[in-house]
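Dear colleague,

I am passing on the structure that we discussed, and I would be glad if you could look through it with the notes below at hand.

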Amino acid sequence: MAQISIVYWSGTGNTELMAQKVAEGVREAGQEAVVLSVDLADVSELKKARAFALGCPSMGAEQLEETQMEPFMCDLENGIGGKQIGLFGSFGWGGGEWMRDWEERVRNAGASVVGEEGIIVNGAPDEETEEKCKELGRALAAAVS
């Protein structure tokens, strides 16, 4: 059984809930899910993995959270070539530009974005978004099978 990490930063709990739903999908597909806040995640372990998920809400001028997630991403991106990465997060304003930028950044580092795009939701995830998160988890599980 493969272990799939779901690493997130959450200010309000919305992105954390999305991380839990991704984990549900991983488990439904028969793999082990480990949900970690970014401050507890190990970059070197993720660099060894074939697939994992990253979650972060939009902050400020539609950017990643700058004190924990952005430095983590800077450390991670030089070792993600060939990986399958799921992206997700919530937002309260704007149009999702932070996610499009993050997708491009992941692709430019040589990784693939699972499902071709990240999952975003304005505010708390609704049932449809929760199901999309579970689908992401199932896709991550399939990527390591």
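This is a predicted model: local features need pLDDT of at least 70, side-chain atom pairs count only at pLDDT 80 or more; totals for chains, interfaces and linings use all residues.

Residues are numbered from 1 along each chain as its sequence is written, and side-chain values use heavy atoms, with hydrogens and water left out.

The fold

The chain has five helices and six strands, where helices (H or I, at least four residues) and strands (E, at least two) are DSSP runs numbered from the N terminus. Along the sequence these elements follow the pattern β-α-β-α-β-α-β-α-β-β-α. The radius of gyration of the chain, taken over C-alpha atoms, is 13 Å, close to the 15 Å that the globule rule (2.2 Å times the number of residues to the power 0.38) gives for 145 residues, so the chain is as compact as a globular protein of that length. The C-alpha trace spans about 40 × 35 × 25 Å along its principal axes. Of the 145 residues, 48% are buried, where buried means under 20% relative accessible area, exposed over 50% and partly exposed in between, with a 1.4 Å probe and protein chains only.

Salt bridges

Side chains of opposite charge can pair when their charged atoms come close. The count comes to 10 salt bridges, each defined as a side-chain nitrogen of Lys or Arg within 4 Å of a carboxyl oxygen of Asp or Glu. One of them joins the side chains of Glu-24 and Lys-134 at 3.5 Å, N to O; because Glu-24 lies in helix α1 and Lys-134 in helix α5, this pair ties together parts that are 110 residues apart in sequence. Glu-24 is partly exposed at 29% relative accessibility, whereas Lys-134 is buried at 17%. Both residues also belong to a network of salt bridges that links Lys-21, Glu-24, Glu-130 and Lys-134.

A further salt bridge is formed by Glu-77 and Arg-105, whose closest N and O atoms are 2.9 Å apart. This pair links distant parts of the chain, with Glu-77 in the loop between α3 (69-76) and β4 (84-91) and Arg-105 in helix α4, 28 residues apart. Glu-131 and Arg-138 meet in another salt bridge at 2.5 Å, N to O, and Glu-131 is partly exposed at 32%, as is Arg-138 at 27%.

A buried threonine

Thr-15 lies in helix α1 (residues 14-28) and counts as buried because its relative accessibility is 0%. Leaving aside residues up to four places away in sequence, Thr-15 touches several others, among them Trp-9, Cys-56, Pro-57 and Phe-88, a contact being heavy atoms within 4.5 Å.

The largest pocket

The largest pocket holds about 310 Å³ of space, and of the 16 residues that line it, the closest to its centre are Glu-117, Gly-118, Ile-119, Ile-120 and Lys-132. A pocket here is an open set of points on a 1 Å grid over the protein atoms alone, where a 1.4 Å probe fits, with protein on both sides within 12 Å along at least five of seven lines, and lining residues have an atom within 4 Å of a point. The volume is the space filled by probe spheres set on the points. The largest share of the lining, five residues, comes from α5.

With best wishes
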